[in-house]
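Have a look at the backbone first, then at a metal site and a helix pair.

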Amino acid sequence: MEIQRGDAMLGNKLWMVRGVEKRASEATGIELVPLLWATALPGGGFTKEIYDEVKAESVALLRSAGKLDGVVVLNHGAMEVRGLDKHADTDYVEAVREAVGKDVPISLALDLHGHISPRILEIVCAISALRTAPHRDDLETGYRTLDQLLTVIKTGKPQKIAAVRLPIIIPGEQAVTTNEPAKSLYGSLSDLDALPGIVEANILVGFAWNDRPWVGMTAIVGSDVSIERAREVATELADKIWANRREFVLSMEHASVEEGLARAAKSIERPLFISDSGDNTTAGAYGDLTDVLQAVIDRPELEDVVVAGITAPRIVAQCKGAGIGTTITLTLGEEHVSGPKNLKTVEAIVEGFSDQLKPDGFQPYLRSGGAWACVRIGHAIATFHADSIGITTPAHFSMTGIDPKGHRIYVVKLGYLHPQLEDYRARHILLLSDGASNLDVTKLSWSRIPRPAYPVDTDASWTAEPNTFTTPA
Ligand SMILES: [Zn+2]
């Protein structure tokens with residue numbers, strides 16, 4: 001978890017905050033009062049203690065901030081808190097409402113992989129969500145969030161918002177906004193924004209791997225005229241999403257582990273990026289599985305491969321004990337907790353170690369437990385980490401002493417590549433590997449999502465009306 005407070009939040013290009021700053025800089029007479037920004041790598045739910053601490057600090061800061069004309073909440077929307085049997089983002093927004101009283105408007109920005117609840121619509125005056133995946137528009141989204149809030153402050157009229165929930169459980173990889181059908185659906189949003197009576201339309205793809213009652217896709221529309229108008233456009237949008245549900249398929253290059261590595265061996269493109277999608281730490285998987293590393297080791301024809309970001313605290317401790325430059329025997333697979341313990345014993349040379357990882361940019365890992373080790377195993381270089389990590393930018397390789405340009409193949413624990421890697425790779429192959437973030441959601445066990453849900457129940461039927469909720473009349 002990384003926390004920034006007060007003025008330290010400004011001028012640092014923080015996720016979404018930078019968009020709020022941009023909108024504020026274009027207006028006169030606005031005083032931004034930055035309070036708190038907290039972020040963490042996804043990887044299971046927060047402990048209740050950490051969440052309660054951040055919530056309590058948020059409330060205390062809001063209460064001592066003096067008279068506020070409005071509040072911007074920049075959340076993700078799929079936060080999970082262990083032991084809180086509730087949509088955590090709703091709980092957080094409720095706490096903000098309680099802290100500032102009933103009259104201060106609150107606008108909410110979300111990642112498109114988030115969710116909302118009927119209760120949220122009783123609290124917020126406007127909702128903006130990202131419109132690109134991989135995410136490239138946090139600036140625009142933060143900008144719109146403050147823009148909507150300023151309008152509400154000026155007119156004194158909160159938006160009338162309608163949200164339609166769709167029982168569609170789609171991993172983000174199947175709703176990439178550069179590919180259909182997400183491309184057209186998201187592409188239509190600016191046209192909907194421009195319709196008479198409409199302020200903003202958004203689509204939440206949701207987060208497919210949370211087995212929770214509120215998981216699914218959502219069409220959200222805000223109107224400055226009436227709930228009926230918002231409901232009308234939201235229903236049309238939701239119907240279009242439902243009609244396209246079978247088109248949400250994996251359209252990027254993908255293959256089984258074996259087939260993907262065979263293709264990689266023949267590939268002449270450099271750098272070639274391979275993602276281990278079943279163990280995607282940015283989708284909440286633990287990152288502990290070494291099956292892809294083991295398969296890489298078995299294929300010397302791959303010649304030169306970096307396998308980065310494996311969660312293995314005991315291997316890190318072993319490397320620390322042995323020291324840089326020594327040759328050690330590692331048993332890969334012993335620390336698997338999210339899959340079978342497939343064991344492989346290898347000789348490895350410890351090439352790097354540190355108790356700390358000091359990254360910069362988005363996806364911060366400044367915290368205890370940042371210890372890592374880098375080892376060479378024949379033609380492979382692997383990095384192991386005491387805690388889950390997402391390798392999402394070229395700079396993240398440099399942090400462990402790995403040249404992000406100098407190698408033939410890089411394996412990362414992601415699904416789709418984040419923008420900085422996507423812009424950097426010559427080719428990307430997504431491996432349909434097993435694990436907690438398996439892209440085939442029909443292979444996962446579900447007990448809490450409302451059924452039927454597509455594609456777990458292929459014949460699921462649905463209509464918008466009973467699944468629509470709105471701001472109070
Ligand atoms: Zn997202």
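P181 is found in the loop between β6 (160-166) and α6 (182-187); helices here are DSSP runs of H or I with at least four residues, strands are runs of E with at least two, and both are numbered from the N terminus. The bond joining E180 and P181 is a cis peptide, with omega at about 5 degrees. This is a predicted model, where local features need pLDDT of at least 70, side-chain atom pairs count only at pLDDT 80 or more, and totals for chains, interfaces and linings use all residues. Residues are numbered from 1 along each chain as its sequence is written, and side-chain values use heavy atoms, with hydrogens and water left out.

Another cis peptide bond joins Y454 and P455, and P455 lies in the loop between β17 (427-431) and β18 (468-470). Most residues other than glycine have a negative phi, and most peptide bonds are trans.

Buried means under 20% relative accessible area, exposed over 50%, and partly exposed in between (1.4 Å probe, protein chains only).

| Residue and phi | Loop | Relative accessibility |
|---|---|---|
| M16, about 65 degrees | between β1 (2-5) and α1 | M16: 0%, buried |

Now for the metal. The zinc ion is coordinated by two OD atoms of D111, ND1 of H113 and NE2 of H135, at 2.1 to 2.5 Å. Donors are N, O and S atoms within 2.8 Å of the metal (3.2 Å for Na, K and Ca), and water is not among the atoms, so sites may look incomplete. Along the chain, the donors are spaced D-x1-H-x21-H. H113 sits in the loop between β4 (106-110) and α4 (118-121) and H135 in the loop between β5 (126-129) and α5 (138-155), so the pair ties together parts that are 22 residues apart in sequence. Both H113 and H135 are buried.

On to the helices. The axes of α1 (residues 17-25) and α5 come within 6 Å and cross at roughly 50 degrees; axes are lines fitted to C-alpha atoms, for helices over the stretch in contact, and angles run from 0 to 180 degrees between N-to-C directions. Residues of α1 including R18 and V20 meet residues of α5 including D138 and L150, where contact means heavy atoms within 4.5 Å.

Also in α5 is T145, which counts as buried because its relative accessibility is 1%. Leaving aside residues up to four places away in sequence, T145 touches V72, S107, L108, A109 and S128.
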